[in-house]
Amino acid sequence: MNALNALLSIEDMTVEYTNQGQRFAAISDITIDIAEGETLGLVGESGCGKSTTGRAIIQLPAPTMGKVTFEGRDLSELNHEEMRQVRRRLQIIFQDPVSSLNPRRKVKDIVAEPLVIAGMKDATERERRVREVLEAVGVDPDTAMDRRPHQFSGGQCQRICIARALIMEPKLIVCDEPVSALDVSVQAQILNLLEDMKERYGLTLLFISHDLAVVKNISDRVAVMYLGKFCELADSARIYEAPAHPYTAGLMATIPDLSTIGADAGPALIGEIPSPLNPPSGCRFRTRCPHAQERCAAEEPEFRQIESGHHVACHFPLTEQGS
Amino acid sequence: MANGTSSSLFARLWPFGNREEIVSARIEDQRRLGVIFWLATSWILLILAATISTNFLPFLDPLEQDYAAVNERWGAQYWVGTDHLGRDMFSRLIHGAGISFRVAFTSPFIGMAIGLTLGMCAGYFRGKVDSGVSILIDSILAFPNIVLAIAVLFFAGPTIINLVLVIAFYTIPQFTRVARANTLLYAQREFVVAARAQGASHLRILLRELLPNVMVPVAAYSLLVMSFTIVLEGTLSFLGVGIPPPTPTWGRMISEGLDELSENPFISMYPSLFMFLTILSLNLMGDRLRTMTDVKASSL
């Protein structure tokens, strides 16, 4: 993939876990670049490795194999202190905003914490920065600063989490399902806030979600994951109009809005995601794929480019079948 | 307040009531401390106040023997009577409480400091640290506690400091377990990952993020440990390895009264009753606070 202005590039990254003595790959050999200033959507069902990818990027835990390069530096080669420096420009927002905030600390302490860790001694300067960032995310500093997280709604807690992520003026924010735990009306507010903050602070976002409708609106490009591997990567408009991978098409068919279902959209997905402990041979999606053939079981499809900027891991992409 | 609590207690015991009422009463019951909690607290505070007041109120000397009034029942001079040596039992009970309370208020703190450190490290770092700590805790529990305490007090001398230290040693496993369990629970929360993503050190996460959360259930648990230390101190005194005579302690008073049981059963009965009420009170308070600070209940 072209990596001229990539802020973050992941090469052959594998994350392995041990479950009851058995090692298995939660994600295996994924390669992707995230360009500066873009929003990359990462979608897939629960357990496909989306969150693991996000955590591996911030090195918590670090990937088992492969390379994560951020601002031209390989993160696995950094020592402890260098990594701490890098962390400030590489932040994360989680799904559950209530669990992301320490229940026993005040909002001003929570938001100021990154500054304290970075060694800012001046308390008045810290308070000024906290006020500034709280105002930016739409939380009134005067009423919020001395309260504790449980006195806020989920949406407000997520705003506070965003404020905490922003206070060090990071380059990249990994958004791990940031709106999944929120009401639909609040989801839109938080998405708008993320867009505004992206513009104001010049951010690059990795937006992880299982909700395609949410990802569609916010992303420039969308990557679809299945069982620890990418199956499709394309511009947001392209992937929603003409999905090439049967899995993507199946996911599209699950979006309730009729107008977004393309002509090529296959039937809704059947069955459940296989266990990553024992993935199917060949193409990992073949057990649920309506177009599966013998070749799919024998040979693992390569993640190849079928048109400019459109990658797919399928022997029989839908766009080629249709033409 | 008292009315509300008693009705909710009634609702819990009465099986034929309106279900909705019972449920709402239960929720209310969880928020309130309840009349039993306040009775228990009053007893502890009363004993504590009496113990402190021995320093400036004119209590009778607990060691002075009045041979003209041996084995007296209650009266104007000796409020709850005298023992077989003619010593004022009321004064002895209050002074004895002093020893029990000194042990009960200091030992758990030493045990808590060590237990918190061990338990939080085990719960946070997991892996080898966790295995190491569990081996340590299992070895402490493997010592028969009375035997070790007797040995230590015999060789090091039965001073109050040695007594406090030996009893503190036995509170370590309990605190370690509570601290470890709560640390495990909070260490999985995303605010800990967020702190690491900000570059916080392990020490900072342990002290700033985890300790304030783990401290609450551990502090509530310390009341239950206090009652355990009073029992252990009483047992050691009863066996004659506690604070040496003539200093009055509840355990020794019970053991001295055994010989006089047919003559004057009150010598053993009063300290037993005091110890029973004190332990019951501490358990009731500790149990109530533990339920209130329980993670499951508070995270709702």
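Two aromatic rings, from Phe, Tyr or Trp, form a pair if their centres lie within 6.5 Å. The exercises below apply this and related criteria to a predicted model.

**Exercise 1. Aromatic pairs**

Task: Determine how many aromatic pairs the structure holds over all chains, and classify the pair of B:Phe175 and B:Tyr221 as stacked, tilted or edge-to-face.

Solution. 
- Step 1. A search of the whole structure returns 14 aromatic pairs over all chains.
- Step 2. For B:Phe175 and B:Tyr221, the centre-to-centre distance is 6.2 Å and the angle between the planes is 85°. Planes over 60 degrees apart count as edge-to-face, and that is the class of the pair of B:Phe175 and B:Tyr221.
- Step 3. The pair links distant parts of the chain, since B:Phe175 belongs to helix H7 of chain B and B:Tyr221 to helix H9 (residues 202–238) of chain B, 46 residues apart.
- Step 4. Burial is assigned under 20% relative accessible area. B:Phe175 has 0% relative accessibility and therefore counts as buried; B:Tyr221, with a relative accessible area of 18%, is buried as well.
- Step 5. In chain A, ring pairs join A:Tyr226, A:Tyr247 and A:Phe285 into a cluster. A ring of chain A also meets a charge: the charged end of A:Arg295 sits over the ring of A:Phe316, 5.9 Å from its centre.

**Exercise 2. The fold of chain B**

Task: State how many helices and strands chain B contains, and what percentage of its residues is buried.

Solution. 
- Step 1. Chain B has 12 helices and zero strands.
- Step 2. Along the sequence, the pattern of chain B accordingly reads α-α-α-α-α-α-α-α-α-α-α-α.
- Step 3. Of the 300 residues in chain B, 47% are buried.

**Exercise 3. The surroundings of strand E10 in chain A**

Task: Decide whether strand E10 of chain A is mostly covered or mostly uncovered, and identify which strands pair with E10(A).

Solution. 
- Step 1. Strand E10 (residues 229–235) of chain A is mostly covered, with six of its seven residues buried.
- Step 2. E10(A) pairs with strand E9 (residues 221–226) of chain A in the antiparallel sense over six bridges. The hairpin of E9(A) and E10(A) has two residues between the strands, and A:Leu227 there takes a positive phi near 50°.
- Step 3. E10(A) is also joined by two bridges to strand E12 (residues 310–312) of chain A, again antiparallel.
- Step 4. A:Ser236 lies in helix H9 (residues 236–241) of chain A. With a relative accessible area of 8%, A:Ser236 is buried. Its C-alpha atom is 8.5 Å from that of A:Val215, 21 residues apart along the chain.

**Exercise 4. The second largest pocket**

Task: Describe which residues lie nearest the centre of the second largest pocket, and which helices of chain B each supply at least two residues of its lining.

Solution. 
- Step 1. The volume of the second largest pocket is about 550 Å³.
- Step 2. Its lining comprises 15 residues, and A:Arg55, A:Pro61, B:Ala187, B:Val193 and B:Arg196 lie nearest the centre.
- Step 3. By class, the lining has eight nonpolar, four polar and three charged residues.
- Step 4. In chain B, helix H4 (89–125), helix H7 (160–187) and helix H8 (190–197) each supply at least two lining residues.
- Step 5. A:Pro61 lies in the loop between helix H1 (50–57) and strand E4 (65–70) of chain A. The peptide bond from A:Leu60 to A:Pro61 is cis, with omega near 0°.

Terms used. Residues are numbered from 1 along each chain as its sequence is written. Chains are lettered from A and ligands numbered from 1 in the order in which they are written. This is a predicted model: local features need pLDDT of at least 70, side-chain atom pairs count only at pLDDT 80 or more; totals for chains, interfaces and linings use all residues. Side-chain values use heavy atoms; hydrogens and water are left out. On a 1 Å grid over the protein atoms alone, a cavity is a set of points where a 1.4 Å probe fits but cannot get out, and a pocket is an open set with protein on both sides within 12 Å along at least five of seven lines; lining residues have an atom within 4 Å of a point. Grid points are joined across faces, edges and corners, and a volume is the space filled by probe spheres set on the points. Helices (H or I, at least four residues) and strands (E, at least two) are DSSP runs, numbered from the N terminus. Ala, Val, Leu, Ile, Met, Phe, Trp, Tyr, Cys and Pro count as nonpolar, Asp, Glu, Lys and Arg as charged, and the others, Gly among them, as polar. Rings of Phe, Tyr and Trp (its six-membered ring) pair if their centres lie within 6.5 Å; planes under 30 degrees apart count as stacked, over 60 as edge-to-face and the rest as tilted. Buried means under 20% relative accessible area, exposed over 50%, partly exposed in between (1.4 Å probe, protein chains only). A charge sits over a ring if NZ of Lys or CZ of Arg is within 6 Å of the ring centre and within 35 degrees of the ring normal. Two strands pair if DSSP finds at least two bridges between them.
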